[in-house]
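Please read them with the structure open.

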Amino acid sequence: MPNTATLDASFDDLEIIQPSYFQEHGYPHDTWRRLRAEAPVARWDRFDLPFWAITKHADITAIGKRPDLFLSAPQLVMARTRTRKFDPPPTLIEMDPPDHGPFRQIVSRRFTPRALRRIHGDIDRIARRIVEDLLNDPTPEVDFVARISAPLPIAVIAWLLGVPESDWKLLFDWTNRIIGANDPDYRDPGTSSSQSAENALREIYQYFGELAEAKQKNPSDDLISLFNQAEVNGRRLAPMEVLSYCQVILVAGNETTRNATSGGMLNLIQHPDALRRIQADPALLQPAIEEILRFNSPIIHFGRTATQDTEIRGQKIRKGEHLALFYPSANRDEEVFDRPDDFVIDRTPNRHLAFGIGEHFCAGAHVARLEMEMAFKYLIPRIEAVELVSEPRRLRSNLVGGIKELPVRFCFTSGV
Ligand code: HEM
């Protein structure tokens, strides 16, 4: 395995991190493949923020499991550092040990498969209603994002948090403005991307502040009430910490699941044989969801920062330098996956890293799987024919590989 950190000139025109690239071209799988083969730990200097590009499954796994050596707090996303006027406390995903573990415990107990069985029926009811709206709609051409993959996670997250249904639309808008801050379609008119994201963040804190206060007086079984009552190291969460918890659940749980679901629909349109196989054998849905997660890998990268001088594959990483973990590249690593660029719905094993790995492994992974299962469980059996009406429109972001619009034409069989 070569260990070149300095990329030769043939890499000069290649791109792996500019938000506009992802909007125009989708994922740079060819470049990631070359990096895995020629420079798996590569210094990427031509971005606003220089970083080490980490593209191999084994390296991302090892880094994810060493939160003492690779911190999340200093630079979780590769973007220009900006001064913020509104600076709420770090959210769970931006914390490092020793603070991170006790904070994570608050929510992890709620999201185990066992705990989720208790609310399975409610998630099923929410998903079924959204899918049935589409099944009963006589219009053949629809935007799949607007009809299924966006409303479903929003509804589930809002319901989990305890947000009244009349406000679900607000949540949708806020998360779009935060994740899509680089995208003019979502940015507040006449503002910079950071200003637009900051405005949305302020509105989220204002809204959840009022809701959390109301739930102090009338607690129920929802997450806001859980955060209100939670203790870490023998003390109650401060009001702003309650709100930062609401923020991370809302933002982390929404766009990701949306794009996994949209990506999955696109995969099934492009692989009609896979669709027919799941229709004939519904037990294939679960491994198919894992393959959808591997194949689409909605989080493009998360960052880490070295706490001391260290070495990976012979490359010297200095204390304070940043690393970007490219999860979609790990998910096509030919050392781990046979035929990595093929969509194989019964792939076993499927050790994908779509949910990350180690200390920050996605706290909502089981919720996401359940949402995707519900969406496809009701939809797939009814699809007689489906085709793309036009190319998907993609999000301008280097964090979430987003599909903004997926125009499709469905023909459904009649229900039983
Ligand atoms: C397909 C959908 C999803 C994908 C692909 C996804 C992906 C990820 C990834 C890659 C991480 C790791 C972050 C890191 O490496 O620093 C993460 C963390 C996290 N995710 Fe998800 N996620 C999804 C759905 C959800 C949902 C539905 C929720 C909430 C209900 C959620 C909540 C979180 C939280 C709270 C963290 C931070 C965990 C920690 O720092 O300990 N995610 N997610």
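At what angle do H12 and helix H14 pack, and how far apart are their axes?

1. The model is a predicted one, and the points below should be read with that in mind. On the opening question, H12 and helix H14 (residues 285-296) pack at an angle of about 100 degrees, and their axes are 9 Å apart. Angles of 65 to 115 degrees count as roughly perpendicular, and H12 and H14 are therefore roughly perpendicular to each other.

2. The residues that make this contact can be listed for both helices. H12 contributes Asn 259, Ala 260, Gly 263, Gly 264 and Asn 267, while H14 contributes Ile 292, Leu 293, Phe 295 and Asn 296. Sorted by class, the contact of H12 with H14 has five polar residues, four nonpolar and no charged ones.

3. Helix H12 (255-270), helix H11 (239-252) and helix H16 (365-379) each supply at least two residues of the shell around the ligand. There are 25 residues around the ligand, of which Gly 253, Thr 256, Gly 356, Cys 362 and Gly 364 come nearest. The shell divides into 17 nonpolar residues, seven polar and one charged.

4. Next, helix H3. Within H3 (residues 57-64), the buried residues are His 57, Asp 59, Ile 60, Ile 63 and Gly 64. Viewed down the axis of H3, these buried residues fall within an arc of 170 degrees, so they line one face of the helix.

5. Lys 65 lies in the loop between H3 and strand S3 (70-71). Lys 65 has 14 other C-beta atoms within 10 Å and is therefore partly exposed, since burial requires 20 or more. Leaving aside neighbours within four places in sequence, Lys 65 is in contact with Ile 357 and Gly 358. The C-alpha atoms of Lys 65 and Phe 227 are separated by 27 Å, and the two residues are 162 residues apart along the chain.

6. Is His 100 buried, exposed or partly exposed? His 100 is found in helix H4 (residues 100-108). His 100 counts as partly exposed because it has 19 C-beta neighbours inside 10 Å, and a buried residue needs 20 or more. Not counting residues up to four places away in sequence, His 100 touches Met 95 and Glu 359.

Methods
Residues numbered from 1 in each chain as written. Predicted model: local features only at pLDDT ≥ 70, side-chain atom pairs only at ≥ 80, totals over all residues. Buried ≥ 20, exposed ≤ 12 C-beta atoms within 10 Å, placed from the backbone. Helix = DSSP H or I, 4+ residues; strand = E, 2+ residues; numbered from the N terminus. Arc of directions from axis to C-beta. Near = placed C-beta within 6 Å. Nonpolar A, V, L, I, M, F, W, Y, C, P; charged D, E, K, R; others polar. Axes fitted to C-alpha atoms, helices over the stretch in contact; angles between N-to-C directions. Parallel < 35°, antiparallel > 145°, perpendicular 65-115°, else oblique. Contact = placed C-beta atoms within 7 Å.
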